[in-house]
Structures are given as C-alpha cells and as structure tokens.
Amino acid sequence: MAGSGRRPEHRGPPELFYDEAEARKYTQNSRVVEIQAQMSERAVELLGLPQDRPCLLLDVGCGSGLSGDYISEEGHYWIGMDISPAMLDVAVEREVEGDLLLADMGDGIPFRPGMFDGCISISAVQWLCNADKKSQSPPKRLYRFFSTLYTALARGSRAVLQLYPENSEQLELITAQAMRAGFTGGMVVDYPNSTKLCLFQTRAELAKFAFQGLGTECADGEEMHQAKFTNERTRFRNAKGKSVKKSRDWILEKKERRRRQGKEVRADTKYTGRKRRPRF
C-alpha cells in the first residue's frame with residue numbers, strides 16, 4: 001500500500017485495489033520507484049535514528065518492499081506489514097531483506113511493547129479514513145492503530161507517516177486520534193499542495209520534545225535531530241559517503257548484510273556487479 005507519488009483514488013479496500021496486476025505494475029514503474037525512495041529517505045531522516053548502531057523499524061503498508069529497500073541500504077532491520085497479499089507476494093519474489101506480515105493496520109499493530117526503534121509509513125494511513133464495511137468506524141480504526149503503534153514503539157521513538165488526505169478533515173481526524181493515543185507532534189510541510197508528512201513521537205522520561213531545525217545544536221553542544229515545522233518547501237538530500245546504488249560496492253554490502261541474516265547468498269567473484277554486454 002506504499003505511495004506512488006500521486007493521490008490514490010478510493011476504489012474499495014486496498015487488498016482488492018492492489019491485485020496481482022496492479023502490484024506488479026506498481027513495482028515496475030520507474031517513477032514510482034524513484035518517488036518511493038525519496039519519500040523513504042525523508043521519512044527515515046525524520047526518525048532521527050542513532051548513527052552508531054542498527055535499529056529495528058516497522059514499515060506500515062510496506063507493499064512490495066520498496067521503502068524497505070532504503071531501510072536495508074541504511075544498515076537497519078525492518079518488519080513490514082500490509083493488507084494486500086498480492087503486494088507481499090511481489091516483495092517475496094524480490095527477496096527483500098525485511099520480514100513480512102499480512103495484516104490490517106486498522107485491527108492494530110500485533111507486536112510486543114517497545115519492540116521498534118521507529119516506524120515509517122508511505123501513503124497508507126489515509127486508507128483508514130474510509131469505511132469499506134458498515135461495521136467499520138474510521139475514528140475507532142485510527143485510534144486502534146495509533147494506540148497499538150504507541151505501545152509497540154520504544155520510549156522516545158518516532159513514527160513518520162507520509163499520506164495523501166482527501167481533505168483537511170481527514171488530516172485533522174488522523175492527528176486527533178494520534179494525540180488521543182498519546183503521541184506528540186504534528187505535520188511537517190515539505191510539499192504543501194500534495195503529500196503530507198506527519199511526525200509523531202512517543203513521550204520519553206525527562207525528555208524535552210521541541211520541534212527545531214534538523215542539525216541545530218543544543219546548549220550543551222550536542223546535535224539535535226528534530227524536525228522544524230515550516231511552510232518552506234525543502235529538497236530531499238542525497239546521502240553522503242554511501243555506495244552508489246547498483247554499483248559493485250553496493251551489491252557486495254547488500255550480500256554481506258544478507259549473510260549476517262543467515263540467508264543463502266552466491267559467492268563473490270570478479271564478475272559480481274559487472275554489467276553484461278548487450279546481446280545482438
């Protein structure tokens with residue numbers, strides 16, 4: 001159920017909208033892949049994760065694992081959940097590095113308390129604002145999602161949700177249920193006229209939560225990793241000092257991560273990462 005860079009139309013529940021054909025079409029679209037990578041980069045940046053250790057993240061509405069690919073490239077571990085079996089089938093075929101769970105986020109986050117260091121969600125949460133059955137209540141489903149997510153996150157960690165609300169009422173509904181569940185935070189304005197980024201944080205003991213500029217310094221000289229709420233449009237920053245995607249070094253790093261996870265990986269050779277000559 002991850003984002004495609006366009007406002008999705010509501011055509012029934014997502015598990016039916018993203019059938020096998022739509023799931024493959026979605027994942028093979030180069031523009032979708034590029035936008036998904038940008039959104040994922042921005043979301044992970046706003047999580048403010050520590051630089052000295054890998055973290056375990058939850059990807060809600062992980063779809064075919066496009067956002068999870070970026071998480072893996074950053075050296076973190078992740079678990080993805082999605083309501084679409086077709087999307088998860090594509091993720092399995094792509095051999096993504098995260099673990100996958102078929103589940104409806106509106107039924108709650110089924111993980112033990114304090115399990116995750118952060119959560120991202122790319123274009124998924126707005127689906128909870130729609131009732132596909134008479135028995136479904138959007139406010140109740142949103143509260144169940146946020147309250148169980150709050151429990152599953154470690155103290156002081158964050159959730160960054162990119163979404164496409166149909167109107168301001170939907171955005172207010174989402175924010176209200178998040179606050180009711182215990183989160184603090186609000187909306188980060190990157191693209192005022194289209195996509196919305198919501199940053200929520202769990203309360204931490206003796207922690208002063210203040211929205212300040214990314215990279216600003218505290219009084220004691222320590223660098224803060226907070227988000228600044230502004231009306232200015234900001235650009236996605238490219239990661240520095242990292243291997244170029246699809247290069248030999250990038251491939252070797254990915255294979256090494258898979259080995260550490262106990263997965264079977266082909267041996268490295270002089271041909272690893274080498275482009276094949278075009279066939280006549």
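Residues are numbered from 1 along each chain as its sequence is written, and side-chain values use heavy atoms, with hydrogens and water left out. In this predicted model local features need pLDDT of at least 70 and side-chain atom pairs count only at pLDDT 80 or more, while totals for chains, interfaces and linings use all residues.

Q: How many helices and strands does the chain have?
A: Helices (H or I, at least four residues) and strands (E, at least two) are DSSP runs, numbered from the N terminus. On that basis the chain has eight helices and seven strands.

Q: How are α2 and α5 oriented to each other?
A: Axes are lines fitted to C-alpha atoms, for helices over the stretch in contact, and angles run from 0 to 180 degrees between N-to-C directions. Helix α2 (residues 20-28) and helix α5 (residues 85-93) pack at an angle of about 50°, with their axes 8 Å apart. Angles under 35 degrees count as roughly parallel, over 145 as roughly antiparallel, 65 to 115 as roughly perpendicular and the rest as oblique. The two helices, α2 and α5, are therefore oblique.

Q: Which residues of α5 make the contact with α2?
A: Contact means heavy atoms within 4.5 Å. From α2 come Glu 20, Ala 23, Arg 24, Tyr 26 and Thr 27. The α5 side consists of Ala 86, Met 87, Val 90 and Glu 93.

Q: Does Leu 49 count as buried or exposed?
A: Leu 49 lies in the loop between α3 (30-47) and β1. Leaving aside neighbours within four places in sequence, Leu 49 is in contact with Val 44, Cys 55, Leu 57, His 76 and Asp 117. Because its relative accessibility is 9%, Leu 49 counts as buried.

Q: What separates the C-alpha atoms of Leu 49 and Arg 158?
A: Leu 49 and Arg 158 are 109 residues apart along the chain. Their C-alpha atoms are separated by 9.1 Å.

Technical notes:
Buried means under 20% relative accessible area, exposed over 50%, partly exposed in between (1.4 Å probe, protein chains only).
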